[in-house]
Amino acid sequence: NLIAAQFYLTRFIKQFKESDRKIYLLILTHLYPGYFKNFYFSKQKVYYLEGPQSSPDRKVEKIIINRDDPLIKDEISNKFLHHNPMSISLMSEFQQLQLDSSLSDSSAFNQYIEGEFDNYLNHQNFDPISVCCAIRCKIEKLAFNQLNPPDQIQFLDKKNTIKKLVFAVESGAVVPEIHFLLGILHNSHLHMRESVDNFTPILSKLNNITIRKMIESL
């Protein structure tokens, strides 16, 4: 339906251009604006009905944006953005990439995102990106703690949360369906680009009453 709608809208725009008329297309949608990004809709102006209530803290966002840099890629993925009881310091790497050095230790990073998660639960100002990170780590930790030591090693070697949770279930752990559903939230928002609004799409989901109740159940 989305592709068909765009097909007819682009024809409509083309007809107006050929007749030397202007048309301003207003799309009111709950979908992420990127879904409508194509040649005809390349010059979008996006406005959200609800955005961050204060200037967002960008230090975690910057880490996520730089997560694929060869200097930090493996360690960021394994010990920062997924649950891992082993800690590591990337002080020199963070300094080279001009990232916040106070979060260069994975244990300090996890402590920070846990604090932002608590702020979210207590209806205080919070960093939505940190909350997404904390949700993923909490879900993985709950599964990890149910496993025997040999299975825990295999769990940590799995490359993404879904594979980790499926392995945990196959190894006897109890993983609620909600934990799988919340993957839709954190998996889609832990890969980011510069020069786009990375905060508002996450914030709109976190402020959803049903999603909040799901998160509060963790």
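Select Asp20 to begin. Asp20 sits in the loop between α1 and α2. Helices here are DSSP runs (H or I, at least four residues), just as strands are E runs of at least two, numbered from the N terminus. This is a predicted model, in which local features need pLDDT of at least 70, side-chain atom pairs count only at pLDDT 80 or more, and totals for chains, interfaces and linings use all residues. Residues are numbered from 1 along each chain as its sequence is written, and side-chain values use heavy atoms, with hydrogens and water left out.

**Two positive phi angles**

Stay on Asp20 and check its backbone. Asp20 is not a glycine, yet its phi is positive, about 60°. Most residues other than glycine have a negative phi. Asp20 counts as exposed because its relative accessibility is 74%. The classes are buried (under 20% relative accessible area), exposed (over 50%) and partly exposed (in between), with a 1.4 Å probe and protein chains only.

Now jump to His123. This residue lies in the loop between α5 and α6. Its phi is also positive, near 60°, and His123 is not a glycine either. With a relative accessibility of 59%, His123 counts as exposed.

**A surface patch**

Go back to the loop between α1 (2-18) and α2 (59-65) and pick Tyr32. Together with Tyr32, they make a nonpolar surface patch of about 390 Å². Patch members have over 30% relative accessible area and no salt bridge; nonpolar side chains (Val, Leu, Ile, Met, Phe, Trp, Tyr) are joined within 5 Å, like charges within 9 Å. The areas come from the Shrake-Rupley method with a 1.4 Å probe, and for residues only the protein chains shown count as cover. Tyr32 itself counts as partly exposed, because its relative accessibility is 38%.

**Inside the core**

Next, hide the surface. Which residues touch the most other members of the largest nonpolar core? Select Phe109, Ile135, Leu206 and Ile215: they do, in a core of 46 residues. Such a core is a set of buried Ala, Val, Leu, Ile, Met, Phe, Trp, Tyr and Cys residues joined through side-chain atoms within 4.5 Å. Two or more residues come from each of α2, α3 (73-80), α5 (106-121), α6 (128-144), α8 (161-170), α11 (200-206) and α12 (209-216). Helix α6 gives the most, with 10 residues. In soluble globular proteins, nonpolar side chains tend to be buried together.

Zoom in on Ile215. Leaving out residues up to four places away in sequence, Ile215 touches Phe117, Tyr120, Ile135, Leu182, Leu185 and Leu206. Contact means heavy atoms within 4.5 Å.

Move to α7, residues 149-157. Its buried residues are Asp151, Gln152 and Phe155. They lie on the same side of α7 because they cover an arc of only 105° around the axis. That arc is taken from the directions from the helix axis to the C-beta atoms. These buried residues pack against α6 and α8. Now look at the face turned away from them. There you find the exposed residues Pro149, Pro150, Ile153 and Asp157.

**Salt bridges**

Show the charged side chains. A salt bridge here is a side-chain nitrogen of Lys or Arg within 4 Å of a carboxyl oxygen of Asp or Glu. The count is 6.

- Select Glu18 and Lys14. Their closest N and O atoms are 2.4 Å apart. The two are 4 residues apart in helix α1, so about one helical turn separates them. Glu18 is exposed at 59% relative accessibility, and Lys14 is partly exposed at 39%.
- Select Lys138 and Glu114. Their side chains meet in a salt bridge, 3.3 Å from N to O. This pair links distant parts of the chain, with Lys138 in α6 and Glu114 in α5, 24 residues apart. Lys138 is partly exposed at 22%, and so is Glu114 at 31%.
- Select Glu216 and Arg212. Their closest N and O atoms are 3.6 Å apart. They too are 4 residues apart, in helix α12, so about one helical turn separates them. Glu216 is partly exposed at 40%.

**Last stop: Arg212**

Keep Arg212 selected. Buried or exposed? Arg212 counts as buried, because its relative accessibility is 12%. Setting aside neighbours within four places in sequence, Arg212 is in contact with Tyr120, Leu121, His123 and Leu206.
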